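Reader: I have not looked at this structure before, and I would like to go through it with some care. Could you show it to me, so that I can ask about its parts?

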Amino acid sequence: LDTTERADAYLTSLARPIRLQNYIENNYSDHSEPSHWIDSFNPRTGELLAQVPRSALSDVDHAVDAASRAFPTWSRTSRQERSEVLLRIAGILSEKKELFAVWESIDQGKTISRARVEVDRAISNFRYFATYILHEEGAVRYVDGPVSTMTYEHRSPVGVFALISPWNMPLYLLTWKIAPCIAFGCTGVAKPSEVTSMTAFCELFLFVQQYSDRRLIRKQVLGEVFRQAKLPPGVMNIIFGDGPGTGSALVKSPRVRGVSFTGGTATGIRIRQDTVADIGKHLSLELGGKNPTLIFDDVDLAEAVPLAAQAAFENSGQICLCGSRIYVHRAIYENFLSKLADYVQKNYRCGETIGPVVSREHYTKISSYLKLAKEEGAEFLTGEVPSVVAQQGFWITPTVLSNVRTDSRIMREEIFGPVVTVSPFDTEEEAIELANDNPNGLASILMTKDLSRMRRVGERIDAGLVWVNCWLVRELGTAFGGMKASGIGREGGSQSRDVFTNLRTLHVR
Ligand code: NAD
């Protein structure tokens with residue numbers, strides 16, 4: 001089943017959609033309200049693909065119980081042992097790489113090449129933290145005085161974590177939380193997005209080739225990887241469900257001592273409100289973006305155009321880091337605009353190099369923004385207002401808009417689809433002002449050949465990540481996260497360690 005054709009044929013052969021089960025304490029269990037399912041659709045065809053359990057409070061409790069029971073032992077397991085488990089997980093994921101990529105592509109709609117990149121990154125998440133914990137360094141200070149001490153910092157795992165992820169990069173973002181959680185000695189309950197729960201599930205794709213017994217196919221891909229890697233029972237549990245019900249119950253559980261969340265800003269605010277009274281609960285919120293791409297007049301357009309297009313349309317614009325507001329120096333504006341439109345038309349074709357958007361709801365949301373753009377008099381250089389009802393899959397043509405007002409909702413709100421606006425600027429100061437004129441502050445792209453401008457402008461953009469003449473470069477040791485409405489805290493390397501550990505200072509006489 002590790003080719004799209006075979007997977008498609010398999011899906012068509014099923015009498016009913018795949019039904020997912022929770023994975024708790026290394027066992028598969030039905031949720032406690034068997035009549036409550038969430039339908040999950042194949043974005044390419046619009047057909048029903050799977051049914052995701054809407055897990056109830058009792059299921060959440062069951063999973064949190066398991067993680068709480070596992071914590072005392074796992075938190076005292078040696079770094080070496082934890083590292084070995086993580087490396088085994090990475091190894092099994094590597095062996096099944098293509099299989100994961102195929103199902104990630106089917107579930108989310110992303111192209112298979114994009115899915116392969118993300119599966120590779122998911123594997124790197126485990127490898128990175130497996131080795132990170134073996135090479136941590138700390139400083140000792142010698143304090144002289146009436147009482148002389150040796151003073152040092154010590155960290156210990158926080159406890160049970162809620163790990164909640166969105167639908168745009170399902171496996172990559174979930175493992176970005178799971179890997180550091182178990183590496184730093186915490187245990188967890190992971191809840192993938194209800195829109196794309198398939199990759200975390202369906203061991204069927206691993207085992208159906210070996211067994212004909214259909215009962216065996218009701219397992220989780222990711223869960224089974226953990227089991228094969230001998231991750232002890234209860235250390236990582238996966239439950240399925242919606243946000244307001246299952247996710248919220250998980251976040252609010254008093255036994256959950258930390259929340260690592262990636263998703264929309266409105267949900268992040270809700271989670272912050274829901275946890276505010278529990279002062280000791282660790283909170284990491286990676287939220288939405290409306291990222292500016294600034295292009296100065298010294299660039300080489302043959303490089304700037306493909307880079308700006310990729311940053312806008314990769315994964316159909318459904319990456320929190322996509323550059324969805326392009327600002328170009330007026331001297332090259334018209335030239336850039338026509339080259340971009342031409343490039344996008346030639347290189348971003350639905351079904352070939354670009355996939356559908358994830359769901360019917362998301363299709364409707366993006367369509368409504370495009371309708372508004374039309375009403376407000378925006379110019380469509382590519383793309384059009386899609387039909388009101390999605391026919392045969394959730395396809396939206398990559399759309400380049402110009403002549404959009406700065407205060408338009410299209411310019412201010414995250415659309416999270418294949419839509420980009422292009423506007424001119426006259427001075428460096430104006431470019432910075434336009435870039436920062438947004439509630440979000442996640443990422444930005446700066447294109448120029450002028451080294452001093454890279455610093456002058458780069459250091460003033462309100463964004464947690466500034467890419468200069470590049471985009472989406474990730475190094476797992478560097479801090480990742482946003483300013484302003486784009487989140488609280490950072491993840492990656494020592495920043496992830498801060499999320500998952502408590503710090504104490506010891507003064508030893
Ligand atoms: P979402 O906020 O709707 O959902 C994200 C997750 O939160 C889902 O698993 C959902 O079930 C859960 N959830 C919803 N309400 C909840 C609640 N009250 N309590 C607990 N959990 C709840 O986001 P989405 O639509 O799945 O994802 C798209 C958003 O994610 C975009 O805004 C995008 O920018 C953002 N995102 C951010 C990053 C980042 O690193 N900053 C990365 C990827 C995506």
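Predicted model: local features only at pLDDT ≥ 70, side-chain atom pairs only at ≥ 80, totals over all residues.

Reader: How many residues surround the ligand, and which are the closest?

Author: The shell around the ligand consists of 31 residues. The closest of these to the ligand are Pro166, Gly243, Gly247, Gly263 and Thr267.

Reader: Which helix gives the most residues to the shell around the ligand?

Author: Helix 9, residues 243-252, and helix 10, residues 265-275, each supply at least two residues of that shell. The greatest contribution, with 5 residues, comes from helix 9.

Reader: Turning to the packing of helices, are helix 3 and helix 5 roughly parallel or roughly antiparallel?

Author: The axes of helix 3 (residues 79-95) and helix 5 (residues 112-132) come within 8 Å of each other and cross at roughly 160 degrees. Because an angle over 145 degrees counts as roughly antiparallel, the arrangement of helix 3 and helix 5 is roughly antiparallel.

Reader: Which residues make the contact of helix 3 with helix 5, and how do they divide into nonpolar, polar and charged?

Author: Helix 3 takes part through Ser83, Leu86, Leu87, Ile89, Ala90, Leu93 and Ser94, while helix 5 brings Ala122, Ile123, Phe126, Arg127, Phe129, Ala130 and Thr131. Divided by class, the residues of this contact are 10 nonpolar, 3 polar and 1 charged.

Reader: How are helix 4 and helix 5 oriented to each other, and what is the name for that arrangement?

Author: The axes of helix 4 (residues 97-108) and helix 5 come within 8 Å and cross at roughly 125 degrees. Helix 4 passes helix 5 in a right-handed crossing, whereas the crossing of helix 3 and helix 5 is left-handed. With their axes at roughly 125 degrees, helix 4 and helix 5 are therefore oblique to each other.

Reader: What classes of residue are found in the contact of helix 4 with helix 5?

Author: From helix 4, the residues Lys97, Phe100, Ala101, Val102, Glu104 and Ser105 meet Ile112, Ala115, Arg116, Glu118 and Val119 of helix 5. By class, this contact of helix 4 with helix 5 has 6 nonpolar, 1 polar and 4 charged residues.

Reader: Which residue of strand 23 is the bridge partner of methionine 150?

Author: Strand 7 (residues 149-157) pairs with strand 23 in the antiparallel sense over 8 bridges. Within strand 23, the bridge partner of methionine 150 is valine 508.

Reader: In the sheet with the order 1-5-4, which residue of the hairpin of strand 4 and strand 5 takes a positive phi?

Author: The pairing in this open sheet of 3 strands is mixed: strand 1 and strand 5 (residues 48-53) run parallel, joined by 2 bridges, whereas strand 4 and strand 5 pair in the antiparallel sense over 5 bridges. The hairpin of strand 4 and strand 5 has 6 residues between the strands, and the residue with a positive phi, near 80 degrees, is glycine 46.

Notes
Residues numbered from 1 in each chain as written. Axes fitted to C-alpha atoms, helices over the stretch in contact; angles between N-to-C directions. Helix = DSSP H or I, 4+ residues; strand = E, 2+ residues; numbered from the N terminus. Parallel < 35°, antiparallel > 145°, perpendicular 65-115°, else oblique. Left-handed = near helix turned anticlockwise from the far one by under 90°. Contact = placed C-beta atoms within 7 Å. Nonpolar A, V, L, I, M, F, W, Y, C, P; charged D, E, K, R; others polar. Near = placed C-beta within 6 Å. Pairing = 2+ DSSP bridges.
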